Every structure is written in structure tokens, then in C-alpha cells.
Amino acid sequence: MKVAIYCRVSTLEQKEKGYSIDEQQRKLKSFCDINDWTVYNTYIDPGFSGGNLDRPAFKEMINDMDKFDLVLVYKLDRMTRNVRDLLDTLDKFEKNDVAFRSATEVYDTTNAMGRLFVTLVGAMAEWERTTITERTTMGRRAAAKKGIPVSRVPFFYDKRDGKLYPNEYKEVIDFAVNEVIKGTSVRKITNQLNHSQYKPPSGKLWYKNMILSALKSPIARGHSVYEDILVENTHEPVISNEDYNIIQQRISDRTNSKTIKHPAIFKTKIVCPNCNSRLTMGTSKHKLKNGTEWYAKYYFCDKCKFDKNVTGINIKEDEVEKVFVDYLSKLDLESYKVNVEEKKNGSIIDIDKIMNQRKKYHELYAMDMMQEEELFTFIKETDVLIAQYEKQKDDKLDVTTELDKVKNIKNIITDTWENLNVLEKQEFINLSVKNIYVTYVRGKRGRTPNSINIDDITFY
Ligand SMILES: [Zn+2]
């Protein structure tokens, strides 16, 4: 049984009760030792209240849920003081086959009594939750029907005494409306705003979506909306109905002319050698003399394209494809196998020896021949080794399946790649390849194209 220990103490509790993290941790570790459980990890949130779940170690634990079998706390209220959060969390645990236990109370989801208890608590909270939402939704709907604004107030209005009044951002809306009617794209308008004296209502920049949703908003035309309720003419509009109709036309004209979707075969697979984010595909339109259009497709890094300190990446998709197929067809499965094994094995951990040592230390501690601190340092060290050992065990099983998988992929690529169309290629890569690690090779102007060397590929 692999256990995640969770400890929390709020600042106030620390001060008032001298309730310490160390103490919780110590007791829980012994609790695990008595039960012969392995501590997978200890998650500690010092100085956080139990009123919500916004705590770093707690979140980390939820993320790690597939790595342990049981969550152990000293008392239930260490995990949360909020019944709803408790239920949500227990639900998550259950879905992931993780049991939950409090060392000092009966909330033990590994037995029937504990489960019954949790279910009862759950039913009560559920009832409480639904009545509250029913009440609030009904209240809001009633208000909405009367034309009282209950939705979020758009940035170009202020709310005073339950009514909306246009504010100084009306100018921005006027500007955007005029530009769109002239045929300017929303992207360009956003850009113009970012270079204008108009500061965005929040943050540092204007975003395309802020403008676009303002232009489409029924609230801007003086109506109130809430869910399916629309009450017309409840406040002063900032966009007239005539303008709105033209805007709609302009926006749909633009989007219709831009619907060409370009599949990217290696979408989100190539790791940028500079910043580790994924390369994005870009296209540029070209026209042949006879009038036919074609698109050049290339990969680049969206994140470091503006970074002056790194070489900008720009590789044609054909080139990536060529290198990729070449890499796989030349991949020597024998040496690949050796590589995988080396990567995975490292040194072998002698688990029996560790467990025996642990037992011995406990005996020494029980006989008062060893300091508590020493014992816990030792347990901490061996916990790390035990976790490594567990991982090694898993990895060993993997080598053979990993090899079969790669062999399969290699065969498919060498035999059928040429016959696949772009979408099929994209789907195949999407399903079989996890990461492509590369080194960028800059081409020589006019002679060789920009390219990559593949350093490693990981597969699903
Ligand atoms: Zn990058």
C-alpha cells in the first residue's frame, strides 16, 4: 500500500494551539509503519486555512493521484473544513481508486461503515447545495425578467443603482464600430488600440476577443440577457441596431474567406530546442503565374520567435517529414533496445536490504537507542529509494512492449507513409508519437534548406 500523507496547519492554529506540522507528520509516519505501509510522499501546506482547496501541496497531491493508493491525514479537518470540498475530493479519490483515511477518526473509506458515513454526509451536503443553487438561480432569473442586470457588466458600462450607464470606453466601441464598417479586421483594430492612447480596462493589452465579443454583445445594443432570458431596451445602447447588422455582415464576410484549415502533421510534437515549448505551424500563401494558389507550411516557435538571443526557427514541413521518415527507417532496433534499457535501469536497488534496515531502526528507536529525528531522516531517505524501486519494477516490464511498439511504428512508416494523405499522416503521428526532440540545423542560403537533426523520439 502506497500512502500519501497530507498535513496542513493554518497560521492561526500554529499560533494558538501550537498545533504543528512536524507533530502531524511524525504521528502519521508511525501510523504507516505500524500498518506496514509505504509512504509515497508527504504533502505539506503550512500556513494555509482549510476553508478552500487553493493550497499548493494539496493540488500537487491531487495531480499525483495515480501514484498512491491511500491518502492519510491526521484529522479530517486537515484536508478541508468545507463539506462540499470534502465530497468533491472524496469523489476524485474514488474515481482514481484512492482510499482516504484519517488517523484519529472513523472516516475510513476502506470499510463499509466509513463509506456509509461518507455517503450520509454526502447526501446532506448535496441537498444543501441544490437548494442554495435553486434559490440563487430563481432569484437571478426573476431579476433578469425585470430587466435588472445580473450578468457580468461589460467594460464599456458602469453599473449604478442596478442600472447600466455607458462609460468612457464608449469611445473605444465607437472607434471599433467605425473601423469594422470601413472593412478593417478586428485583429487590426486590436492592434491599433494597442498603439493608441486607450488603455485596456484590465491587463496591459487589448485582445481581439474583447473587441469581438463587445461588437456581438446584445448588452451593447441596450438589451439585458441572462441565460435564455432577453429583455429589450433596458439601458442606453452603445451600438445601434443598424450598425450591428452591418458589423455582422462584415465579420461573417471576413471569416468565410478565411476558413482554409491547414493540417499540421507534426502538430504539438516537435520540442523547441531553445525553450522546450512545442513548435507551431505557420503558412504563407503563394501564387503561381497561372493563378493557382499554394501554401508554404513551416514550423516555428511561437514562444521564442521574438527572442533576439536565440536563432529563430523556421523549417518547412516537407523537410521535417523527410528527416522523420529517414530517422525511423534507419533506426536500429537493437541499439534502440540497449538505449531504452540503459535509460530505464540505472543501478538496481536492493529492496530487501532496505526493508530490513528499516525494521532494525524501528527496533532501535523503540528501545530508546535512537533519536526520533535520526529515525525520521532515515525513513525519509529510504522512502525515496522505495519509490525508485517501485518505478524500476514498472519500467522493466515496459522495455519489451516499448520495443514492439517502436518496431510496429517503424514498419508502418517505412511501408506505408508515402501512400498516406496529409490527414492520415497527422492522425498517425498524433496517436503514436509523443515528443520529437531535435537540434536545429540552419541551412545555407540558396543551397540547403533549414533542417533538424532528430535526437530522440518518444512514443505512446
Ligand atoms: Zn522556443
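Of the 460 residues of the protein chain, 20% count as buried (20 or more other C-beta atoms within 10 Å of a residue's own, with C-beta atoms placed from the backbone). This is a predicted model: local features need pLDDT of at least 70, side-chain atom pairs count only at pLDDT 80 or more, and totals for chains, interfaces and linings use all residues. Residue numbers start from 1 along each chain as its sequence is written.

The protein chain has 15 helices and 14 strands (DSSP runs, H or I of at least four residues and E of at least two, numbered from the N terminus). Take contacts between residues at least 6 apart in sequence: 59% of them join residues at least 24 apart. A contact means C-beta atoms, placed from the backbone, within 7 Å.

Start with helix H2, residues 21–35. Its 15 residues should span 21 Å at 1.5 Å a residue, and its end C-alpha atoms are 21 Å apart, which agrees. The expected span is 1.5 Å times one less than the number of residues. Gln 24, Leu 28, Lys 29 and Cys 32 of H2 are buried. They cover an arc of only 130° around the axis, so they sit on the same side of H2; the arc is that of the directions from the helix axis to the C-beta atoms. Asp 36 follows H2, with a positive phi near 65°.

Now move to H7 (residues 170–182) and H8 (residues 186–194). They pack at an angle of about 140°, with their axes 10 Å apart. Axes are lines fitted to C-alpha atoms, for helices over the stretch in contact, and angles run from 0 to 180 degrees between N-to-C directions. The contact is made by Val 172, Ala 176, Glu 179 and Val 180 of H7 and Val 186, Ile 189 and Leu 193 of H8.

Technical notes. Buried ≥ 20, exposed ≤ 12 C-beta atoms within 10 Å, placed from the backbone. Contact = placed C-beta atoms within 7 Å.
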